[in-house]
Amino acid sequence: MEAQVLESMEAQALERKAERDRELRERLMQLKKERNAIILAHYYQRDEIQEVADFRGDSFLLAQKAATTDADVIVFCGVHFMGESAKILAYDKTVLVPDERAGCPMADMVNVEGLRELKRKHPNAAVVTYINSSAEVKAETDICCTSSNAVKIIQSIDADEIIWVPDKNLGHYVSQFTDKKMIIWEGYCNTHDMLTVKDVLEMKAKYPNARFVAHPECRPEVLKLADFIGSTTAIIKYCRESDHDEFIVGTEDGTGYQLRKDSPHKKFHFASRFLVCPNMKVNNLKKLVRCLETMRPQIYVPPHIAERARISLERMLQVAGG
Ligand code: 13P
Ligand code: SF4
C-alpha cells in the first residue's frame with residue numbers, strides 16, 4: 001500500500017479515537033457529578049487518565065487525599081494496594097478501581113506468614129512496611145511509609161531493630177539514614193529494578209549535560225549515579241525548580257505527563273525504554289468511565305483487617321505530616 005494511503009488511514013483512526021475520547025470524557029464528567037465522585041490518579045497512569053483526574057500524585061499525596069475527601073465515591077486509578085489503602089483510610093466511602101487486575105508484583109512478594117515468621121525471630125523489632133503491600137501485611141505492621149517519607153519514618157523509630165518489608169532497594173537506601181539494625185526483605189519492583197548502571201552510563205554519555213534523577217526503588221549501584229533521589233512527587237518538584245533544563249529520568253514513564261506539563265521547555269529522557277509498569281497501564285479511560293457507570297469493581301477489605309491496617313497507615317500520616 002502506498003505511504004500516502006497509509007498515512008491517511010492512520011490520521012482517520014486517530015481522529016476516531018479523539019472523538020471517542022471526547023465522548024468518554026463528557027460521560028465521565030456527568031457520572032462524576034451524579035455519584036459525587038473524586039478521581040485520584042497516580043503519576044504512572046496513562047496520560048488519558050491523568051488528564052481527567054481531580055488529583056494526580058504519588059502514593060503519599062493520594063493516600064492523604066483519600067483520607068480527607070468529602071466525596072462519596074473515590075475512583076482510584078493506580079494499582080490494587082493503593083485502592084486498598086484508600087478504602088482503609090476512608091472506610092465509609094465506596095472505593096472503585098477501573099480494573100481490579102492492576103496489581104503490584106512487589107506487594108505480592110511479601111505475605112503474612114513470612115512476616116509473622118520474621119517477627120517471631122525478632123520479637124523486639126519494629127515493623128516498617130512500604131505502602132506497596134497488602135492490607136493483611138499492613139495489619140501486621142507498626143508503621144507504614146511511602147518513598148516520599150521513608151527516611152522520616154525510619155528516623156522516628158524507637159526500637160533498636162527494624163523489620164523492613166518488602167522493597168530491598170528502598171530498604172538499602174533508607175538504611176543509610178539510621179544506625180538501627182535493619183532486617184530487609186528481598187522484594188523489589190520489577191520495573192525500577194530493571195534499570196542498570198550500563199543503561200544510565202549510556203544515557204549520560206548521550207546527554208552529558210543532563211542531570212540524572214532516580215526513584216529509590218532503583219538498585220543501590222544505580223542510585224550512586226544519581227544527582228537527585230526522591231519519590232515521583234519529589235522528582236517532579238526537583239525538575240520544575242532546578243536551574244537545569246535537561247534530565248535523565250530514572251522512574252516510570254508516566255511521570256513524563258506531569259514533568260512536561262510543569263516544564264514544557266525542558267528536556268526529559270527516560271533512562272530506559274523498559275521503565276514502564278505494565279500493571280499501572282492496565283487502566284484506561286474506557287474502563288474508568290465503565291467503573292463509575294456500573295459502580296464495579298469495588299475494593300473490599302474485611303473490617304477486622306482494615307481496623308488494624310488503619311493504625312499503621314494513620315501513624316504514617318501523623319509522623320509524615322498528614
Ligand atoms: P511513589 O508514588 O511513592 O513515588 O512510588 C512509586 C511506586 O512505585 C508506586 O507503586
Ligand atoms: Fe509496583 Fe513497581 Fe509498578 Fe510501582 S512501579 S506499582 S512498585 S511494579
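Student: What classes of residue make up the lining of the largest cavity?

Tutor: Six are nonpolar, two are polar and none is charged. Keep in mind that this is a predicted model.

Student: Which residues are they?

Tutor: Ser-59, Leu-62, Ala-63, Phe-76, Phe-81, Met-82, Ser-85 and Ile-131 line the largest cavity.

Student: And which elements give two or more residues to that lining?

Tutor: Those are α3 (59–68) and α4 (80–89).

Student: How much space lies in the largest cavity?

Tutor: About 40 Å³.

Student: How many cavities of 30 Å³ or more does a search of the whole structure find?

Tutor: One.

Student: How does anyone find empty space like that?

Tutor: A probe the size of a water molecule is rolled over the atoms, and this shows where empty space is left.

Student: OK, pockets now. What volume does the largest pocket have?

Tutor: The volume of the largest pocket is about 270 Å³.

Student: How many residues line the largest pocket, and which lie nearest its centre?

Tutor: The lining has 25 residues. Nearest the centre are Tyr-44, Asn-132, Cys-189, Glu-217 and Met-280.

Student: What about the lining of the largest pocket by class?

Tutor: It splits into 12 nonpolar, 10 polar and three charged residues.

Student: Where does ligand 1 sit?

Tutor: In the largest pocket.

Student: Let's do ligand 1. Which residues come nearest?

Tutor: There are 13 residues around ligand 1. His-42, Ser-59, Ser-147, His-215 and Thr-232 come nearest.

Student: Which classes are in that shell around ligand 1?

Tutor: Seven residues are polar, four are nonpolar and two are charged.

Student: How far is the polar side-chain atom of His-42 from an oxygen atom of ligand 1?

Tutor: That distance is 2.6 Å. Glu-217 also has a side-chain N or O atom 2.9 Å from an oxygen atom of ligand 1. For Asn-132, a polar side-chain atom lies 3.3 Å from an oxygen atom of the ligand.

Student: And how much of ligand 1 does the protein bury?

Tutor: The protein buries 97% of the 300 Å² that ligand 1 exposes when taken alone.

Student: Switch to ligand 2. Which residues are around it?

Tutor: Tyr-44, Val-79, Cys-104, Pro-105, Met-106, Asn-132, Cys-189, Glu-217, Cys-277, Asn-279 and Met-280.

Student: How does the shell around ligand 2 divide by class?

Tutor: Eight nonpolar, two polar and one charged.

Student: Last topic, the backbone. Is the peptide bond from Val-165 to Pro-166 cis or trans?

Tutor: That bond is cis, with omega near -15°. Pro-166 is in the loop between β7 (161–165) and α8 (168–175).

Student: What kind of peptide bond joins Arg-296 and Pro-297?

Tutor: A cis bond, and omega is about -10°.

Student: Where is Pro-297?

Tutor: Look in the loop between α13 (285–294) and α14 (303–319).

Student: And Asn-36, is its phi positive or negative?

Tutor: Positive, near 50°, in a residue other than glycine. Asn-36 lies in the loop that runs between α1 (3–35) and β1 (37–42).

Notes. Residues are numbered from 1 along each chain as its sequence is written. Chains are lettered from A and ligands numbered from 1 in the order in which they are written. This is a predicted model: local features need pLDDT of at least 70, side-chain atom pairs count only at pLDDT 80 or more; totals for chains, interfaces and linings use all residues. Side-chain values use heavy atoms; hydrogens and water are left out. A residue is near a molecule or strand if one of its heavy atoms lies within 4 Å of it. A polar contact is a pair of N or O atoms within 3.5 Å; within protein, one must be able to donate a hydrogen and the other to accept it, and residues adjacent in sequence count only if both atoms are side-chain atoms. Accessible areas come from the Shrake-Rupley method with a 1.4 Å probe; for residues, only the protein chains shown count as cover. On a 1 Å grid over the protein atoms alone, a cavity is a set of points where a 1.4 Å probe fits but cannot get out, and a pocket is an open set with protein on both sides within 12 Å along at least five of seven lines; lining residues have an atom within 4 Å of a point. A molecule sits in a cavity or pocket if more than half of its atoms lie within 2 Å of its grid points. Ala, Val, Leu, Ile, Met, Phe, Trp, Tyr, Cys and Pro count as nonpolar, Asp, Glu, Lys and Arg as charged, and the others, Gly among them, as polar. Grid points are joined across faces, edges and corners, and a volume is the space filled by probe spheres set on the points. Helices (H or I, at least four residues) and strands (E, at least two) are DSSP runs, numbered from the N terminus.
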